[in-house]
Amino acid sequence: MNFNGYLRPDGKVGIRNYLAIIPTSVCASVVASNIASQIPKAVALPNQHGCCQIGADHEQTVNTLIGLGKNPNIAAVLVVGLGCEGVPIAKVAEEISKTGKTVEVVIIQESGGTLKATAEGVRKASRIAREISLLKLQEFPVSELTLAVECGGSDFTSGLASNPVVGTASDILVNAGGTSILSETTEFIGAEHILAKRAKSPEVGENIFKIINGCEQKAKLLNVDIRGGQPTPGNIQGGISSIEEKSLGCIYKAGNSPIEGVLAYGEAPQDKGLYVMDTPGQDIESITGMLAGGATMVIFTTGRGTPTGSPIAPVIKITANADTYTMMSDNIDLDASDIIEGTKSIEEVGQELFQEMLDVANGKLTKAESLGHHEFGIYKIAPTF
Amino acid sequence: MQKQAVVINKSDNVATAVANLVAGSTVSFFVGQDVQQIVLSEDIPLGHKFAIQDIANNKEVVKYGEVIGSSLNVINKGHHVHIHNIQSNRGRGDWK
């Protein structure tokens, strides 16, 4: 099982060939988006962060921006800074350039404002775009893929069918030597004992309990019932009654493979196999964490229907709710409702999904990509000061 | 016949409706290899749960073979099981 991808100088393999325009703060986000709009295959990562953040929250933003720049789907990077923000512009550029990729910098205060910074950025970006257009696709084994599994807008079909289908595809990839990342710590609450049993070592098991306990304690600090936030009103309307019920359905996305390790938000796996990443249950922030950790493809299950895409990776959408597929077939790539009807097995649809993953790895656009969905958000762990 | 409800694990005390089910109708489903039948006391919307055993007050509600919450009152079999009669035991910052 092979696919055609792009070899990066650090040996990693991408399935897309983007030029990322990364603003190091909210103040540089409009200029970054302006530059990206001028250049084919350029994607901006506008965000509301980068300044007046402290401690671990600041570190997490810096590490996330660096991780995204290192992502194998990114061929080269233009870092756009304002010039006075908290995120160290030069460090972000330097860390990304350790991959061997071309990295250029534009600083708005040094260029002389929006118009001059945009002009300088477009000039640099267009040169890089020509350079990366020369990269040739090469054949690689599927073990070079890193999958991110996500669920959003869950309903009863997620736990019954679409999440187990993704688990089947994830297991196929892991058994073939690839890597898969399960995230959304909130949605492990009530299912941690099941995940911990699959930990490769007692230490990994302890880390699973630790992140889930940390998440639950944070929720409790707000002195309210988590229900309503998690599960969401839509989850509840779809038949999910508690976070435990949501979690027990959620973890099927990771199949049955052993868990090799627990990653911090945006941290890259050290090896192949299945990993758990500590992220919130909010889809966009969760996906960003896994992409910063090096995932090149996202499988996203939904019950209620969601349009979510990503600026730097294909997102394959799957639902097992027949009504949702009919209503939102613009957005959803795969219909797994035959499982609920009882006419197809989870294993069968899992095989179909894996084939779809190979097609998408080979360049087939997902519906989210073909509609220009570029949802993006970075998880914050402390207030802005 | 079209599938009406699913019981995921033999130890579950709730079933999930995979069609819109109406009060008074008799619903069949598998529990492991055995077929069971229940008369529904309430309408059960698609995707929602109903009790397949009588559940006493403050008892564990089980789906996927795991605890998904506790009953807030007696839930007789055939009744809708959702946020009005079960509570989550996790993430309860409102509990002191």
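Helices (H or I, at least four residues) and strands (E, at least two) are DSSP runs, numbered from the N terminus. This is a predicted model, in which local features need pLDDT of at least 70, side-chain atom pairs count only at pLDDT 80 or more, and totals for chains, interfaces and linings use all residues. Residues are numbered from 1 along each chain as its sequence is written, while chains are lettered from A and ligands numbered from 1 in the order in which they are written.

**Confidence**

- The model scores ipTM 0.96 and pTM 0.96.
- Chain B averages a pLDDT of 95, and 99% of the residues score at least 70; pLDDT is the predictor's confidence in each residue, from 0 to 100.

**Backbone geometry**

- Most residues other than glycine have a negative phi, and most peptide bonds are trans.
- Asn223(A) is not a glycine, yet has a positive phi of about 60°.
- Asn223(A) is also found in the loop between α8 and α9 of chain A.
- Tyr64(B), likewise not a glycine, has a positive phi of about 60°; its place is in the loop between β6 (60–63) and β7 of chain B.
- Asn223(A) is exposed, because 11 other C-beta atoms lie within 10 Å, whereas Tyr64(B) is buried, because 22 do.
- A residue counts as buried if 20 or more other C-beta atoms lie within 10 Å of its own, exposed if 12 or fewer, and partly exposed in between, with C-beta atoms placed from the backbone.

**Domains of chain A**

- The domain assignment of chain A gives domain 1 (18–132) and domain 2 (143–370); such bounds come from an automatic or database domain assignment.
- The centres of domain 1 and domain 2 of chain A, taken over C-alpha atoms, are separated by 29 Å.
- In chain A, 13 residues of domain 1 are in contact with twelve residues of domain 2, where contact means that the C-beta atoms of two residues, placed from the backbone, lie within 7 Å.
- On the side of domain 1 of chain A that touches domain 2 of chain A, the elements that give two or more residues are β3 (18–23) and α2 (55–70) of chain A.
- The largest share of that side of domain 1 of chain A comes from α2(A), with five residues.
- By class, that side of domain 1 of chain A has seven nonpolar, six polar and no charged residues.
- Ala, Val, Leu, Ile, Met, Phe, Trp, Tyr, Cys and Pro count as nonpolar, Asp, Glu, Lys and Arg as charged, and the others, Gly among them, as polar.

**Contact between the chains**

- Chain B gives 22 residues to the contact and chain A gives 27 residues.
- Strand β7 (residues 66–71) of chain B supplies four residues, the largest share of the side of chain B that touches chain A.
- By class, the side of chain B that touches chain A has seven nonpolar, eight polar and seven charged residues.

**Chain B**

- Chain B has zero helices and nine strands.
- The C-alpha trace of chain B spans about 50 × 25 × 20 Å along its principal axes.
- Buried residues make up 34% of the 96 residues in chain B.
- Among the contacts in chain B with a separation of 6 or more, 45% are between residues 24 or more positions apart.
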